[in-house]
Amino acid sequence: MAHIVAVTACPTGIAHTFMAAEALRRAAQTAGHTVRVETQGSVGTQDALSAADIAAADAVILAADVNIDEARFAGKTIVRASTQDAIRDAAALIGRAAPSSAAAPAAASGPLHVVGITACPTGIAHTFMAAEGLEGGAKKLGYTAKIETQGSVGAGNTLTPEDIQKADLVVIAADTNVDLSRFTGKRVYVTGTKPAIKDGSEVIRTAQAQATVHGASATGGADASSPDFVAQAAAAKASKNAGVPPFYKHLMTGVSHMLPFVVAGGLLIALAFAIGSFQFGDQGIFIYEDKYAGTLGNTLFKIGANGAFGLFVPVLAGYIAFSIADRPGLAPGMIGGFLAGLTGSGFLGGIIAGFLAGYIVLWLTRSIKLPRTLEGLKPTLLLPLLGTLAVGLLMMFVIGKPVAAALTGLTTWLQGLGNTSAGLLGALLGAMMAFDMGGPINKAAYTFSTGLLGAKVYGPIAAVMAAGMTPPLALFLATLVFKNRFTKDEVEAGKAAGVLGVSFITEGAIPFAARDPLRVIPSLMIGSAAAGAISMAAGCLLRAPHGGIFVLFIPNAVTNLPMYVVAILAGTVISTVMLGVLKKPLDADGLPIVKNAPQAVNAAD
């Protein structure tokens with residue numbers, strides 16, 4: 001009797017996938033062999049093959065009409081066919097596979113080889129700093145490493161099937177959801193970007209001790225037959241252990257996909273005002289009015305405001321749902337987000353719609369049990385229909401109007417703030433931006449402010465960008481003015497922090513805060529709070545939600561530009577002075593200089 005494993009897949013992942021799997025099972029049973037079949041469909045992977053299944057297999061059958069990652073089957077005899085071949089003559093495929101046997105591949109020798117993925121909501125600084133931390137940590141331990149970065153410009157240093165095949169350990173350092181399907185059968189450890197930035201070698205050591213085989217069969221529980229739920233539970237557990245709530249990861253997955261729409265829309269609107277000012281002078285600020293229809297400025301405004309801004313709430317909601325329930329959640333989430341726009345509930349309604357859609361579809365996927373031959377009805381008919389119906393009715397009759405009223409009240413309150421109240425709000429948002437420099441508190445302030453753009457509230461985002469530029473700019477200035485407070489490496493890093501600061505990448509301050517958090521973080525928070533307070537109190541408005549100093553040169557992108565520049569400069573100078581006061585002078589070895597040291601220290605004099 002032979003033990004066979006198989007994978008079936010077709011382009012839609014519906015009928016042929018499950019029919020081929022069933023045919024192989026029946027043929028193997030008739031021939032007296034055992035077979036375990038993994039189906040790869042539009043509802044995700046079902047009956048995923050574990051590393052133990054593959055190791056014990058005498059042969060592998062790949063009955064697929066799409067590309068299948070064969071890396072995990074290295075060293076095994078593989079019989080390749082189409083799903084049609086399996087449906088028509090499964091016995092022949094079983095006959096070709098049954099006589100074959102292959103030994104399990106030899107254990108890897110030499111240093112441990114680590115692969116991984118890093119990702120953060122914006123896909124900028126945290127992503128690459130975490131990758132650098134893991135690579136440096138692996139090198140320190142004498143291991144080899146290749147880390148893929150999933151950033152805002154796409155994947156970098158992409159892992160190939162060969163890289164994954166030879167990997168001994170997979171480390172995922174991410175603050176958003178990452179697809180783990182290609183690591184089935186590998187030992188995987190999931191954490192956030194911050195631990196990897198702080199100490200990559202410690203993360204790798206922890207991964208060696210705690211990593212679990214991804215895709216291994218669950219034991220016990222009503223959902224053991226659903227690998228998607230097993231993987232999700234494992235990821236949720238890992239997230240909890242890393243101190244990052246699943247709620248935050250789902251929200252940040254939505255935000256990371258939303259940001260390109262917000263940034264593109266905001267910059268197009270800013271360009272529309274610039275072109276309008278060039279063509280029509282002071283009246284260019286009204287380029288959105290119908291009397292300018294057909295002009296380039298008016299067209300760009302429509303593309304930004306109606307196109308990009310019109311999509312950012314559906315995208316936010318859709319990818320929150322996608323993070324929770326995978327592909328089946330995407331359509332109900334996006335439709336719920338669109339309905340949030342129709343009901344006037346804006347980004348708050350979109351967030352609620354995304355979580356509702358995700359958890360409703362997840363529950364439906366878990367609850368609806370169909371015969372294997374009808375399983376394809378779930379992703380194409382039942383889940384989109386029932387998920388959209390439930391979310392749509394809730395948004396239209398239960399959630400939409402109350403949330404719209406709350407958003408209207410919030411908008412009215414923000415627009416009616418006096419100088420003092422506005423300054424206090426700006427100080428709060430500014431302090432949040434500097435508290436964890438790209439972490440959950442920072443992202444909460446930024447998400448709140450960008451969400452208000454849809455309601456034409458532009459003050460908070462101006463305060464947030466000014467406050468977000470201040471920390472790295474202050475550290476750049478402090479490394480020039482107070483060189484004796486920093487090590488040589490920090491002085492060099494200060495130059496890079498300056499570039500990141502003018503680009504509105506707050507994460508440039510993280511290496512300094514990690515080394516001396518008790519002095520650096522309060523210094524930065526005070527300066528950022530001042531920048532935010534001045535910006536809001538002066539009535540500064542920003543229509544481009546990213547871009548740093550570069551958007552200041554676009555006419556009408558910033559209202560009250562002189563005071564906005566003052567806010568950034570004031571916050572930078574305040575933080576710089578605080579750093580000079582709180583940080584202690586260092587000696588040539590980078591150690592604090594102790595006053596009243598014993599005379600023996602100066603014996604060389």
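R25 and E22 are joined by a salt bridge in which the closest N and O atoms lie 3.6 Å apart. The structure is a predicted model, and the count of such contacts comes to 13 salt bridges. This briefing describes several of them, grouped by location.

- R25 and E22 both belong to helix α1, which covers residues 15-31.
- These two residues are three positions apart in the helix, a spacing of about one turn.
- E22 also meets R26 through a salt bridge between their side chains, with an N to O distance of 3.7 Å.
- R26 and E22 both lie in helix α1 as well, four residues apart, which is again about one turn of the helix.

**Exposure of the helix residues**

- E22 has a relative accessibility of 22% and therefore counts as partly exposed.
- R26 has a relative accessibility of 54%, so this residue counts as exposed.

**The pair E289 and K291**

- A salt bridge connects E289 with K291, and the closest N and O atoms of this pair are 3.9 Å apart.
- E289 counts as partly exposed because its relative accessibility is 30%.
- K291 counts as exposed because its relative accessibility is 60%.

- E22 takes part in the bridge with R25 and in the bridge with R26.

Notes. Residues numbered from 1 in each chain as written. Predicted model: local features only at pLDDT ≥ 70, side-chain atom pairs only at ≥ 80, totals over all residues. Heavy atoms only, no water. Salt bridge = Lys/Arg side-chain N within 4 Å of Asp/Glu carboxyl O. Buried < 20%, exposed > 50% of the residue type's maximum accessible area, 1.4 Å probe, protein only.
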